[in-house]
Amino acid sequence: MEQGFSRERRVRSIISTASRLIESTLTHDYGVPQDEAVRLEEELFTWFDRLSRRPGVPESLRVLRSHLISMTCKVGHVYWSGRVGENPSDERVKRSLALGPEIIAIEIEKQLGDDPAENQ
Amino acid sequence: MTASLIYFPGKGQFLSPEEGRKAAESVLATPLEQRRERCVELHLEDPEQLLCVSTLLWRLGEIEPARAFREAEFFYSFIEVPRRPIGVFDERDYYLGEFALIAGGVARILSKRADAKRWFDLAESHFVLAHNASAHIARLAYQRLALTLEERDFESVIQRTPRWVEAFTRLDLPEDALKCRFLEATALKETGRLQDAKHGFHGIKQEAAQKRFERLEAMASENLFQMHAFLGEVAEAVAEAGQASTILARLNNRVSLAKLQLGVGYLMRSQGNLPESVKAFRNAQHQFSEIEMHADVAATHLVLADLLLDASQPAQAEWEIRAALPIVDSLKLVPEGIAALSLLRDSLRRRQIDRQALRSLNGYFEELGS
């Protein structure tokens, strides 16, 4: 029971810490329109809550958080892959797509720092 | 329910965690043949429910493995055909991989090794497409390692295990790392390196207790019990059995409870207490039969036959062997198993049981279900 509670606390803590950054990653790094970014953010949080309860997912805040950031970047990247024939004009978005989601995720994690608790 | 903070009520898309748990229990109580036509009412495509079902099926695998196998097979095929969109992002691939892994893992427990391999291959084909693939591939590697142990390729297990222990440690998955060490200790036990094995099980038990991995703690205790029993260390064996059975009963782990009972049989045998030994083996056999662990039922028949020969009861021993043979026939044996089986059959025809063939065949079976 206590374990379940602490898992939920961990998930909430990560979401509250990373929420603004997730939105900014989607809108600024990937150029996703605001309303679409809000919808994707909700889906990301729902997915992340379930992910945290899958087997094979560590309990540590740092690793859990990196899963959320990694999926956010994949979602941003796939957003453009699905828009056949459309190319972003924004240089920052072009850079994100050129570097790929793994590199962008690493950059974002660096911005957040090593200890997720410090960012609360 | 604090999880409502991250569930989005009003969207009407997915069940909440609490709703998912209740729905999962309800769907597992619904007969398999009714589910497809009632799939909307039962929320069968809901990712929250599928997550809860997969958690329940891992537990069911230790209580009713045959049923858990049928359930995992059902959920896999339900998601796969017709192709259903499940949840968001990687969830379809993840659930397909997870149900295939459960089916394979439970098939392994049921000694259906060809089925287990097929399901593991299917799980791999889905997990490589899911998020966190490296962790899931490592979980799959654990199952394959356990299968190698059951194929009695002990040296290969001893050689490969440390690499996976390190992989799980680096993936920050300590419980899975301990499970790998468990396989290594079992392989050491099987190859007669008893002190190393004992040391290994003690270490696992201690670490599992510290980290509150109750199931692993109980299973380490169960193995220590078997080792003490084998070595005739009665007091230590009894103490370990007591600790293991308390936890296993609490977890309703029927597979391990049946194996514990088997260990009691060996302990009684080592003490020369034939009636109590036969009683314990029959109890274990009854429990294996209830949970459809047929290979273990057959193996126990062979152990009983050996015991009855010791007691100069060849007619009863012959009956035990004859009861085991149809089950043995239905299982796919490796060449050593086939050779021992053939020798045993010949000796039965001569009404003179070949003790060596009986023991070889029994040795082959002993670890099938562990």
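Of the 370 residues in chain B, 49% are buried. The model is a predicted one, and what follows is computed from it.

The secondary structure of chain B consists of 18 helices and zero strands. Its radius of gyration is 22 Å, close to the 21 Å given by the globule rule for 370 residues, so chain B is as compact as a globular protein of that length. Along the principal axes, the C-alpha atoms of the chain fill a box of roughly 75 × 45 × 35 Å. Counting contacts in chain B between residues at least 6 apart in sequence, 58% join residues at least 24 apart.

Chain B is divided into two parts by the domain assignment: domain 1 covers 16-151 and domain 2 covers 293-370. The centres of these two domains, taken over C-alpha atoms, are separated by 34 Å.

One helix can be followed in detail. Helix α13 of chain B covers residues 254-270. At 1.5 Å a residue, its 17 residues should span 24 Å, and the end C-alpha atoms are 25 Å apart, which agrees. Of those 17 residues, 14 are buried, so α13(B) is largely enclosed by the rest of the structure. Just after α13(B) comes Gly272(B), with a positive phi of about 75°.

Next come some backbone features in the loops. As background, most residues other than glycine have a negative phi, and most peptide bonds are trans.

- Pro82(B) sits in the loop between α4 (65-80) and α5 (91-109) of chain B. The peptide bond leading from Val81(B) to Pro82(B) is cis, and its omega is near -10°.
- Glu292(B) belongs to the loop between α14 (274-290) and α15 (294-310) of chain B. Its phi is near 60°, a positive value in a residue other than glycine. Glu292(B) has 14 C-beta neighbours inside 10 Å and therefore counts as partly exposed.
- Ser312(B) is found in the loop between α15 and α16 (314-330) of chain B. Although Ser312(B) is not a glycine, its phi is positive, at about 55°. With 8 C-beta neighbours inside 10 Å, Ser312(B) counts as exposed.

Last is the contact with the other chain. Chain B puts 21 residues into this contact, and chain A puts in 22 residues. On the side of chain A that touches chain B, α1 (2-29), α2 (34-51) and α3 (61-81) of chain A each supply at least two residues. The largest share of that side, seven residues, comes from α2(A). Sorted by class, the side of chain A that touches chain B holds 10 nonpolar, four polar and eight charged residues.

How confident is the predictor about this partner chain? The mean pLDDT of chain A is 88, and 90% of its residues reach 70 or more.

Note on methods
Residues numbered from 1 in each chain as written. Chains lettered and ligands numbered in written order. Predicted model: local features only at pLDDT ≥ 70, side-chain atom pairs only at ≥ 80, totals over all residues. Domains from an automatic or database assignment. Contact = placed C-beta atoms within 7 Å. Helix = DSSP H or I, 4+ residues; strand = E, 2+ residues; numbered from the N terminus. Nonpolar A, V, L, I, M, F, W, Y, C, P; charged D, E, K, R; others polar. Rg over C-alpha atoms; globule rule 2.2 N^0.38 Å. Buried ≥ 20, exposed ≤ 12 C-beta atoms within 10 Å, placed from the backbone. Expected span 1.5 Å × (residues − 1). pLDDT = per-residue confidence, 0-100.
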